[in-house]
Amino acid sequence: MKNLFERWGLDYAALAGATGCERALNAGLHCVYKTGTWNNLREHNRPVVIELQDPSGRKHHALVTALSADSVSLVMGGEPQEFSVPEVGRLWFGKYLLLWKPATPTQEILRLGDRGEAIVWLRDALARFRGEPLAAEASDLFDKDLQEQLMQFQRRHRLTSDGVAGQITLAKLQGYLTGKSPALIAGAVTAEVR
């Protein structure tokens with residue numbers, strides 16, 4: 001966790017909290033625990049902590065700092081190391097943790113009918129995804145039009161296209177705004193234009 005926090009420009013030891021996720025909350029970040037594949041990690045495009053299980057059944061945690069088609073860079077015990085994807089894949093059963101920063105600390109899920117500054121943030125992120133500027137008089141209402149734009153974004157990124165901006169959708173949208181999270185894949189284009 002210390003190494004993951006460093007990727008976000010934070011000092012893990014200086015933050016209050018009994019657990020890494022409590023410390024994340026105190027820094028305005030949230031933990032997301034998921035189970036997935038290497039492709040999920042590529043889609044998130046941010047450093048993640050993965051859980052590895054050795055042949056004797058002991059669990060170990062490593063920070064994934066870079067991922068290509070063939071290799072994965074890990075930090076274990078503070079030491080960076082590079083492995084082949086299949087080599088790590090034999091020890092990784094899909095559990096991972098990532099950090100994300102919500103648009104506003106109190107709103108983790110945005111849905112039809114919601115109002116507020118987080119909705120303007122959502123409009124801005126979706127506009128940047130499309131390669132457009134944010135409208136000067138952007139509405140703070142999550143309306144049907146915004147829901148359709150969100151569903152298009154979700155389909156494009158192979159997310160559940162339910163028109164609800166939950167943790168994973170919001171974390172993915174962060175990549176389209178300034179002050180975004182640290183990237184996992186070097187040179188990945190985050191502000192793609194369709």
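Angles under 35 degrees count as roughly parallel, over 145 as roughly antiparallel, 65 to 115 as roughly perpendicular and the rest as oblique. This is a predicted model, where local features need pLDDT of at least 70 and side-chain atom pairs count only at pLDDT 80 or more, while totals for chains, interfaces and linings use all residues. Residues are numbered from 1 along each chain as its sequence is written, and side-chain values use heavy atoms, with hydrogens and water left out.

Take helix α5 (residues 117-129) and helix α6 (residues 144-156): their axes come within 11 Å and cross at roughly 50°, so α5 and α6 are oblique to each other. On the α5 side, the contact (heavy atoms within 4.5 Å) is made by Ile119, Leu122, Arg123, Leu126 and Phe129.

## Aromatic pairs

You'll find 3 aromatic pairs here (ring centres within 6.5 Å, using the six-membered ring of Trp; planes under 30 degrees apart are stacked, over 60 edge-to-face, the rest tilted). One of them joins phenylalanine 5 and tyrosine 12: with centres 5.0 Å apart and planes at 80°, the pair is edge-to-face. Phenylalanine 5 has 0% relative accessibility, so it counts as buried (under 20% relative accessible area; exposed is over 50%, partly exposed in between, with a 1.4 Å probe and protein chains only).

Another pair is tryptophan 38 with tryptophan 92, whose ring centres are 4.5 Å apart and whose planes sit at 50°, so this one is tilted. Both tryptophan 38 and tryptophan 92 are buried.

Terms used: Axes are lines fitted to C-alpha atoms, for helices over the stretch in contact, and angles run from 0 to 180 degrees between N-to-C directions. Helices (H or I, at least four residues) and strands (E, at least two) are DSSP runs, numbered from the N terminus.
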